[in-house]
Amino acid sequence: MAAVRKLQGDSKFTFNLLSNKTFSFLKDWNTSQLLMKWSMLGRITAQAFNFDQFFQPYQKDDFVRDFFSDPCVVSNLKVADTPGKWRTLDTKVTKVKADLIPCTRVSMALFDPLYSDGILRATGHIRKCFDEFYGDFDELRKMLILEDSENYEIISQVDREEFLFRLFKHFCLGGSLCQYEDVIGPYIETTKSVYKDMVSVQKDPETKGINVISTVFKVSAYNDSGMCYPATKDHEQTFAYLVVDPLKRHVYVLYNCFGVGLMSATDTDKPHT
């Protein structure tokens, strides 16, 4: 890859923290109340960095490797410590993993099947059920995590890979002490809010349609001791996404570490504001 860079005249990506960038979902009181209920408050955060180089999606590996080796990133990238308390990465990364996440949706139509296939009542209430392993359960979580669920296939595998659906699933499953919703609305609205915060769109001058221009990577990083980011232990609800806007040359980090969240929205620390 280094040889390819040299031949193409590409330069190394360098990054700067955009400390004044705010994300509305982290500042909104109602969203904070929901994150607290879902045991994610104080464990989820977002940050913004910029970069000066031209970016193309094929540069994924170089971009992510440069991101985790950049001194500004290493000294500013947040990692969860205790709920509501953050430390910075501050370690030498020796290996990175980056998966390209499809991100094409510009509406919430992906979730329309939930309203017509027995998962929700007409009122938007989530149908309850019982599972031998999970005990008291509901049809929404059953569809999300059990492949043998009769409703699993109402969302195609292609759509399940979409960044929009991944966000929805993360919020539905929550943290260690998640209190699950009885209605679908809070999950949908929070997903929409975070998606709008993270993803950039552009109007096509010819078709007049709206297209996503962001590129999304799910990332992890390793040092000499093993995985160090987003945490030292792997969990489906521990995640870090890099969302790259190639026009603004911004990269947004969406991070969550599975565990017990803050019990009060007033306990959120200053980096969230």
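Predicted model: local features only at pLDDT ≥ 70, side-chain atom pairs only at ≥ 80, totals over all residues.
Reader: Is the crossing of H8 and H9 left-handed or right-handed?

Author: For H8 and H9 the crossing is right-handed.

Reader: Which residues in H9 meet H8, and how many nonpolar, polar and charged residues does the contact have?

Author: From H8, the residues taking part are Phe 163, Leu 164, Leu 167, Phe 168, Phe 171 and Cys 172. Their partners in H9 are Tyr 187, Ile 188, Thr 190, Thr 191, Val 194, Tyr 195 and Met 198. Sorted by class, this contact of H8 with H9 has 11 nonpolar, 2 polar and no charged residues.

Reader: Why can H8 be called largely enclosed by the rest of the structure, and how many of its residues are buried?

Author: The buried residues of H8 include Phe 163, Leu 164 and Leu 167, and among them are also Arg 166, Lys 169 and His 170. H8 is largely enclosed by the rest of the structure because its buried residues number 11 of the 11.

Reader: Which residue follows H8, and what is its phi?

Author: A glycine comes after H8, namely Gly 174. The phi of Gly 174 is positive, near 65°.

Reader: What distance separates the end C-alpha atoms of helix H9, and what span should its residues give?

Author: Helix H9 covers residues 185–198, which is 14 residues. At 1.5 Å a residue, H9 should span 20 Å, and this agrees with the separation of its end C-alpha atoms, which is 20 Å.

Reader: Is Pro 186 buried or exposed, and which residues does it touch beyond four places away in sequence?

Author: Pro 186 is found in helix H9, where it is listed with Tyr 187, Ile 188 and Asp 197 among the buried residues. Its relative accessible area is 17%, and the cut-off for buried is under 20%, so Pro 186 is buried. Setting aside residues up to four places away in sequence, Pro 186 touches Leu 34, Trp 38 and Glu 181.

Reader: How many of the residues of helix H4 are buried, and which are they?

Author: Helix H4 runs over residues 60–69 and is largely enclosed by the rest of the structure, because 7 of its 10 residues are buried. The buried residues of H4 are Lys 60, Asp 62, Phe 63, Val 64, Asp 66, Phe 67 and Phe 68.

Reader: Where is Ser 39, and is it buried or exposed?

Author: Most residues other than glycine have a negative phi. Ser 39 is not a glycine, yet its phi is positive, at about 60°. The residue is found in the loop between helix H3 (29–37) and strand E2 (44–51). With a relative accessible area of 4%, Ser 39 is buried.

Reader: Where does Lys 208 lie, and is it buried or exposed?

Author: Lys 208 also has a positive phi, of about 65°, although it is not a glycine. Lys 208 lies in the loop between strand E8 (201–203) and strand E9 (210–212). Its relative accessible area is 53%, and exposed means over 50%, so Lys 208 is exposed.

Reader: Is the peptide bond from Tyr 229 to Pro 230 cis or trans?

Author: Most peptide bonds are trans. Pro 230 has its place in the loop between strand E11 (226–229) and strand E12 (239–245). With omega near 10°, the bond from Tyr 229 to Pro 230 is cis.

Reader: How many Å apart in space are Lys 97 and Ala 221?

Author: Lys 97 has its place in strand E5, residues 95–101, and counts as partly exposed at 43% relative accessibility. Not counting residues up to four places away in sequence, Lys 97 touches Lys 218, Val 219, Ser 220 and Tyr 222. Although Lys 97 and Ala 221 are 124 residues apart in sequence, the C-alpha to C-alpha distance is 6.3 Å.

Reader: What distance separates the C-alpha atoms of Gln 47 and Ser 19?

Author: Gln 47 has its place in strand E2 and is buried, with a relative accessible area of 8%. Its contacts, leaving aside neighbours within four places in sequence, include Leu 17, Phe 23, Asn 76 and Val 251. Gln 47 and Ser 19 are 28 residues apart along the chain, and their C-alpha atoms are separated by 7.9 Å.

Conventions:
Residues numbered from 1 in each chain as written. Heavy atoms only, no water. Helix = DSSP H or I, 4+ residues; strand = E, 2+ residues; numbered from the N terminus. Expected span 1.5 Å × (residues − 1). Buried < 20%, exposed > 50% of the residue type's maximum accessible area, 1.4 Å probe, protein only. Left-handed = near helix turned anticlockwise from the far one by under 90°. Contact = heavy atoms within 4.5 Å. Nonpolar A, V, L, I, M, F, W, Y, C, P; charged D, E, K, R; others polar.
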